[in-house]
Amino acid sequence: MKKILLPAVLFFSVQLFAQDSAQQYWLGKSIGKLPALAYGLGEDRLGGAKMGYVDTNIVFKIIDSVHSMYQVQLSKYHSAFIDKSFIKRDSSIKEKPFYLTNSWKLSGTDTCYDIVSISLDEKLPYKTWMEIDPSKIMIDIYGVHSNTNWITQLSSLKEVKNAYYNQIEDDVVRVTLELRHQQHWGYSIGYKNKVLQIKVKKQPVDLDIRKIKIAIDAGHGGNNVGADGVKTKAIEKNYTLLFAKALEKLLKRKGVTDVIMTRTADTSFDNKDRILFLQQQNPDVLISLHLNSTSNKEINGSTTFYKHIGFRPLSQAILNRMVEVKMNEFGNVGNFNFVLNSPTDFVNTLLEIAFLSNEEDEKKIINPKFHLTVANQVYKGLNDWLQQVQKMK
Ligand SMILES: [Zn+2]
């Protein structure tokens, strides 16, 4: 008897849930500056774990409200959370009984991108991530059934090797873009009308550091002062700028022609605006410089951070070079939720050079000689990484 009873109870509760969710939701669209989906309601110093950014004007089903977040139904079995400021109720949306994916087109451009265009019935939510060994860009599109019977691929493609999909759930289509190179160079994703467009960065033809466009971000600035020193009260924002300028000077001296600075003076610059600025500037690499601080004054050393696995090799290469100049290895930290680690558009890493909360590290931080040392080690790390990429080709 019991064997029959258990599935019956489960079936009943699933039915109840389905009925509830079918009746209790409203429709809205994503709005604002860099709207982002979160996995859950977790909080952290730099915000809870993010699934990633989404475009504006995407249609969302809002099923619940918890504090400052809405819960949105992505597909039958998936939901996510989004800050309320990113959703606007829209009663003009005419919901269809189902949505379809239509034909795709893939082509290369004269600029640095391959473009993958996936036409859909509506601007639907998606999630993307990178995979390595072999390198792939993955995209799950939610609330959609495939009707894609036509994937046109042109010979102008330089980076995307193969493109295909799986209907992994009744209403989730998983797109796989296999890349030609092991190193991820980044991608941008968003809608152009109802076509989901993925702009895949091609690997630069010339991997000479002098030909690579490098962005340097001096952390904090203006009214965002950052941490302060344990003994001298040195302020983080002033020293990140000095380290950034030392790096800029060195790169230019070594022949790097394209260097971008997010700031060159003591100015306020919101981190999201930095991302938008950098997306426009389109660097190959971003290095964000910060100084660490913690309540445990014994802790010292260098740390590198990345969020996306495809960008890990650069952060490891830079950390290795920091350890070489006798900086304690605090580690290479993955899946980090710092805002400037979140873009997928270009290779990026955050270097926390040393701890302002540690006396020994602080002495180094305020010494101009150390600014040159760090610039030199970052330069070496960049070169090591490029050589590694060349070998992997
Ligand atoms: Zn900082």
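This is a short tour of the protein, from the whole chain down to one pair of residues.

The model is predicted: local features need pLDDT of at least 70, side-chain atom pairs count only at pLDDT 80 or more, and totals for chains, interfaces and linings use all residues. Residues are numbered from 1 along each chain as its sequence is written.

**Whole protein.** Start with everything shown. The secondary structure comes to six helices and 23 strands. Both are DSSP runs numbered from the N terminus: helices are H or I with at least four residues, strands are E with at least two. The radius of gyration, taken over C-alpha atoms, is 23 Å, close to the 21 Å that the globule rule gives for 393 residues, so the protein is as compact as a globular protein of that length. That rule is 2.2 Å times the number of residues to the power 0.38. The C-alpha trace spans about 75 × 50 × 45 Å along its principal axes.

**The sheet.** Next, find the open sheet of six strands, in the order β19-β18-β20-β23-β21-β22, with mixed pairing. Two strands pair if DSSP finds at least two bridges between them. Select 259-261 (β19) and 329-333 (β22): these edge strands each have a single partner strand, so one side of each is left without a neighbour in the sheet.

**Inside the sheet.** Select 214-218 and 285-292. These are β18 and β20, which run parallel and are joined by five bridges. Which residue in β20 is the bridge partner of Ala 218? Click on Leu 289.

**The helix across.** Last, select 236-253. This is helix α2, which lies across β18, β19, β20 and β23 (347-355).

Note on methods. Two residues are in contact if their C-beta atoms, placed from the backbone, lie within 7 Å. Axes are lines fitted to C-alpha atoms, for helices over the stretch in contact, and angles run from 0 to 180 degrees between N-to-C directions.
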